[in-house]
Structure formats: C-alpha cells, structure tokens
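Colleague: Could you walk me through how to read a strand and its surroundings, and then how to read a contact between chains?

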Amino acid sequence: MHDDSGIQIQEILSRCLVDPPFLETLATDPDRALAPYLLSAQLLSELRKLDLRRIKTFSGFIGKVQHNHLWDTLPATLTLLKRYGIELDLFGLFRPIQFSTRAQSRADQLGRFVAFVLDYSRAKPQFAALACVVRYEYLASGLKSRAGDSNVTPERLTVTPADLSWPAFQRHIPVLSGVHNLGWFGCDPGQLVNCILDGTFTEYVGGNSRLFLLKAAADGGGIRCFETDELTALMLSLIDGRRTVRAVITAARARITAAAKPRTFRDFFEQAVNAGLISISLGASK
Amino acid sequence: MKPAPREKPSVGLAYSSTVLRFAEANREEVDYLEVPFELLRHAPDTIEHIDFPILLHCASLSLAGSVACSEQTLSQIAYWIAKTRTPWLGEHLAYITSKRTEAGPIPEEYAPGEPYNIGYTVGPVMNEAAVERIAKSIERYGGRLQTPLLIENSPIYFESPGSTLSQSKFIAAISERIDVGLLLDLSHFYLSSRLIGYDPLVELEELPLSKVVEVHLSGIDERADGSWDDHSCAAPKLVHEMLAHLLKIARPRAVTLEYNWSSRFPHSLLKDELQRVRALLQETNA
C-alpha cells in the first residue's frame, strides 16, 4: 500500500463529514465522486463498501455534539428528540444549514435551528409535541434574554387601582411589569415542557389553538405561562409606559367593533395588576 | 493552586459551567477539573473562575492527521500548559483536519481553499504508516510543548478502509515506537468493542496498560442504529466494570468523569458517580 493512502482515505472521510453533497454523490455515483483521487483498486473497492448510512449518522452525531450549548435554551426540545430517537437523523439533516451558518452568532444559529425543527415537524403529526415545545422554548429564551437586559422597574410611585376613583384611575399610567410574549399553542406549553423535563411526559394531547401569555420573571430566571384571551393581548400591546389608562382604553375601543363602555375595562387593569403583569403609577399629566 | 497528587489517583470532572458550580459546592468530592484548551483559547477569562487544579485536554494537535498544527496554536497550547500548570496534556489519537488535495468535480461552498476542518476528533486509519506518522508527531509536539503528552483512544464508529491493525494493536505499536502515556477512555473503548464485536474486558489487556496515566468515563447513548458517546448521561454498568478490571492491573494517576455536555446533568448523580469511583479506588487499593 502506498504510504499516503491512509491520508487520502482520511481526506475522503473528512470530506464526507463536512461536505453533504459529496456524501450524497458518493452514495449515488461513487465512480464520479472518487474519480479525482488516486487510490489503489483495493482501497477503491473498500471505499465503495463503506457504510455511508453510518457515516451520515456519524455526521449527525458530530452536529449534535457541536450543538450541546442548546441544552441551555432548548432542554425539552433536545430531550424530546432523544426520546423520539430522531436526534442524530435530525442533526444530520441540519448539517447543510449548519455549514451555511458557520460564521453567524449563537442567536442566529439558534433561530435557524428552531426554524429547521419547526419545518421538520410540520408535516409529521407524530411530532406535534416537538413543534409546540421548540416554539415555546424559543419564545421563553428570548424573554429571559430581554428580561435580563432590561430595566423595567418604573421609578414612579405605584398605586393600588381599587383605591382610586374612576376619574383618577383613568389619569394613571399603566406600565408593563417585566417582559412577556404571546403565542398560540394546542396545549399548555409550559405544562408540557415541565412534564418532559421531569420525566412524566407520556403523550401529546393537543386540541384547538389557544392563546398563551409567557411572562419572564424580573431576574430573567423563570417563565410563567398562562392562557389568556385576545382582548387581554390587545390591551397589553397598547400599554407602552406613556399612554394613560384612558388613552389605552380609547385605543382599544377603536380596534374592537363591539366597543364596550370604558368603565368595563377597569377589570382588566385590576386583574393585570394582581397577576403582576402591569403596575399603575401616577404619571406627569393629571 | 495545588498540583494534582501523584501517589493516590485523583478523581476529577470534565469542565462545564454547570460542573464548575457543582464542584464549588462539593469541593471535597472533586480533586481537579479537566479543561479543554480550545475553551481557554476562545474564552480565556474562564480560568479566572476556576479555583481547582487543572488538567489540560486538547483536540487541536490532530496527531493522526496530515495538516501540521500551526505554530500559533502550539504557542497558545504552550501558554496554557504553563498557566494551568497541568501535569500532562491529554490529546486524542485522532485527526480533526485533513488536507484538501482535490476539490473534486462538485463545487464546494464550505471553507473553499482551507483544509477540511471536521470540528470533531475522528479515529484514524490504523496501519503501520500511521503508527510511524503519529509517533513522529508525538515526538515533535512533545518536544515543542515540553510537557508529557497522553494519547487518548478515540471511539471507532466505522471501520476505515486501509486499516490493518486493531485499535489495541495500533496503540501498542505506537507505544512501542515512542514513550508516550495513555489516556484510556473506557467508554470510547466500549463503543469500539460494540462496533468490532470483541469483549472489551478481554481486549483491554491487549493495551499497554502500564502506560495508562489517566482514565476517562462517560455515558453511552444506546440506539437502534448503534452506540454513541454521550456526556449527558452516566456511564453504564459495564464501563464501571471495566474500570474495576483496569484498576486491578493498572495504576492510573487520575480518573476523569466526563459529564459535561448537558447543563441538566443532575448534581445528585454527579455526586453519586464520583463516590462510586472513589469507592472502587478504595476497594482496589489503587
């Protein structure tokens, strides 16, 4: 055997692991793939017998190891991939995208991976839980990051809405407490993630899409998740720290057809304060 | 920092930020942390947070490859050897890069013009030519770095064309050709045994066990399509049995538990595993 033959074999194997189109060509047209390499007839024969399925799975394994950092942001997603036995296949399929995003930031890589998992699971009802969980964990990671970065505590004296007269109440300014996001899910995603992580998950029982509100703890630690309604979502979206209660109600009434009387919105504000979603403070304008 | 003890085998953990938190809370359980050079190169501040003796591990020399490690990388490794006061440098008996002698008929988008960089250590073609090439690399790098090198057996996930030696005979041949210590990864050895079909307890004795300086243990992911290295779960029973067997015939100076892939590896399990290894060392008077 020529002394360099081992090096050439390693070059070809390396290429299989970092160049997915080459691996495909080696599988479908080995003569074409190997034509440029000067190899003995014996080595060519051995290369043609190479278990390319195994090499492909190994490539997926390498991709998986290179994404170990995802355990911090997508722990339930990775746990599910493992449970379904599709971890290495999925990371193998992700390899071309991984190589195309090599120079990007961790955040970009995360976004690409989440998009890939969603795309992968879209047409596979058996992986409905996967789609739900990866979307939830991605939203949650974004919230934790924003909660860690932002200073959301208003430097104003907060008040208890129940103590205020209706005219005084309307002059106050609602401020979002912490950061939140909204998403439609077929089940309670927070509960599903908890079940997966504590090992009690058995099967996914999904239903009609419902709206859930995810709220990050002020220190960026945990996420609270609870079902909500579209009116609440609308009201929260209108609270910007500048609008008064009256202005928020006016903006909301302009957006809904069956406009309720302004006073009926008071319940929303009181409940939102009690749930820790907002605080009410006395603004500059009285 | 105190140097790693010489007489009694030390028991340590492969570094991750989660493992560090565990180690800080359980100082009596952890003698040292094994830290990858690649982490220190990219995040040098990491060292400021580690108040434990350090064993430096490395995957950058690509001992079995054809691309020489750059002088810049060697200088950085030398710097971290001095800075960490590691008693040795553990390096994979593997390649991580390969020369690109032929681009092939298919246009490549991945790192054009650069060597193939797998980003993961791959077990080499095992033949006499490789023994000679690797021995020369060990001689060159050992001289340049002025610290003992240990070679770590890689898991064999597929049989490379061109290989004419078993892994044990390959390692033994290198050991005969040059004086080098062995970092015996028992989980890797077990994985190789699964693929090739030998009894790991029997094959173990084919290795130059008197050269074993450090031992690695990690988990195994048993799947329908094969067994894979897995640092996110505990080592299986057989790997602990292999350690017990090894300790009857060899005297390693350090046993490292590599449970560093998942931030969700339970601390209670880490503690159990450390205590299990210490109990074994006690039983075998190692």
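**Reading a strand and an interface**

Modeller: In strand β2 of chain B, the bridge partner of Ala14(B) is Glu34(B). This is a predicted model, in which local features need pLDDT of at least 70 and side-chain atom pairs count only at pLDDT 80 or more, while totals for chains, interfaces and linings use all residues. Residues are numbered from 1 along each chain as its sequence is written, and chains are lettered from A and ligands numbered from 1 in the order in which they are written.

Colleague: With which strands does β1(B) pair, and in what sense?

Modeller: Two strands pair if DSSP finds at least two bridges between them, strands being DSSP runs of E with at least two residues, and helices runs of H or I with at least four, numbered from the N terminus. Here β1(B) runs parallel to β2(B), residues 32-36, over three bridges, and parallel to β12(B), residues 254-257, over four bridges, where Gly12(B) stands opposite Thr256(B).

Colleague: Why is β1(B) largely enclosed?

Modeller: A residue is buried if 20 or more other C-beta atoms, placed from the backbone, lie within 10 Å of its own, exposed if 12 or fewer, and partly exposed in between. For β1(B), residues 10-14, five of the five residues are buried, so the strand is largely enclosed by the rest of the structure.

Colleague: How many residues of chain B are in contact with chain A?

Modeller: Two residues are in contact if their C-beta atoms, placed from the backbone, lie within 7 Å; by that criterion 36 residues of chain B are in contact with 41 residues of chain A. On the side of chain B that touches chain A, β6(B) gives the most, with five residues.
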